[in-house]
Amino acid sequence: MLKIITNNPQETENLGYKLGKTLEAGDIICLIGDLGAGKTTLTKSIAKGLDIDDYITSPTFTLIKEYEGRYPLYHFDVYRINDVDEMYDLGYEEYIFGEGVSIIEWANIIDDILPKEKLIIDIKRKDINKREINIYGEGNRYKEIIKELS
Ligand code: ADP
Ligand code: MG
């Protein structure tokens, strides 16, 4: 586990950019944290690290948005999902077991259908600009990523 405190959005973005640089096809990043924690902020900076220039917005009404970078990025936001069946209807396995990088905001909601091996990033809002970010690597690939971030 890696614990990082950031004191402003830029510091969180620096972390995301660095993470984005380390990512490879098939990686799965799960983001957990309340509204306003910084999940989308982090996603945007991960996308930059993947050489994605598009403007990233939260896919709240579509469940998923796809971008092209060094790898495809599949950006999920499952906050408004009513049932995990919606993930099956979407064919989500094609994405998360595909050739791109998946980032899932509110991943805790669909934890039951996610693979065991993944990177989990839990963001806690401590103050207006302060965040506690706990990163857990489940599986060797993700422990490796944590080493690269440390
Ligand atoms: P979420 O997707 O988790 O709902 P957002 O990324 O959309 O959250 O919003 C987070 C908000 O908090 C942004 O307005 C961002 O500028 C602000 N913020 C303030 N401090 C930080 C920080 N240290 N890290 C990330 N975001 C921060
Ligand atoms: Mg968001």
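1. In this predicted model, Leu15, Lys18, Leu19 and Thr22 of helix α1 are in contact with Arg141, Ile145, Glu148 and Leu149 of helix α5. Sorted by class, the residues of this contact comprise 4 nonpolar, 1 polar and 3 charged.

2. As to geometry, α1 and α5 (residues 140-149) have axes 10 Å apart and pack at an angle of about 130 degrees, which means that α1 is oblique to α5. The crossing in which α1 passes α5 is right-handed.

3. Helix α1 (residues 9-22) also packs against helix α2 (residues 39-49), the two axes coming within 7 Å and crossing at roughly 40 degrees, and therefore α1 is oblique to α2. The crossing of α1 and α2 is right-handed.

4. On the α1 side of this second contact stand Thr12, Glu13, Leu15, Gly16, Tyr17, Leu19, Gly20 and Lys21, which meet Thr41, Leu42, Ser45, Ile46, Lys48 and Gly49 of α2. The residues of the contact divide into 5 nonpolar, 6 polar and 3 charged. Leu15 and Leu19 of α1 are listed in the contact with α2 and also in the contact with α5.

5. Around ligand 1 there are 16 residues, of which Thr12, Gly36, Lys39, Thr40 and Thr41 come nearest. Thr12 and Thr41 also belong to the contact between α1 and α2.

6. A polar backbone atom of threonine 40 lies 2.8 Å from an oxygen atom of the ligand, and an N or O atom in the side chain of arginine 131 is 3.1 Å from an oxygen atom of ligand 1. For threonine 6, a side-chain N or O atom is 3.1 Å from a nitrogen atom of ligand 1.

Conventions:
Residues numbered from 1 in each chain as written. Chains lettered and ligands numbered in written order. Predicted model: local features only at pLDDT ≥ 70, side-chain atom pairs only at ≥ 80, totals over all residues. Heavy atoms only, no water. Axes fitted to C-alpha atoms, helices over the stretch in contact; angles between N-to-C directions. Helix = DSSP H or I, 4+ residues; strand = E, 2+ residues; numbered from the N terminus. Parallel < 35°, antiparallel > 145°, perpendicular 65-115°, else oblique. Left-handed = near helix turned anticlockwise from the far one by under 90°. Contact = heavy atoms within 4.5 Å. Nonpolar A, V, L, I, M, F, W, Y, C, P; charged D, E, K, R; others polar. Near = heavy atom within 4 Å. Polar contact = N/O pair within 3.5 Å; in protein donor to acceptor, adjacent residues only side chain to side chain.
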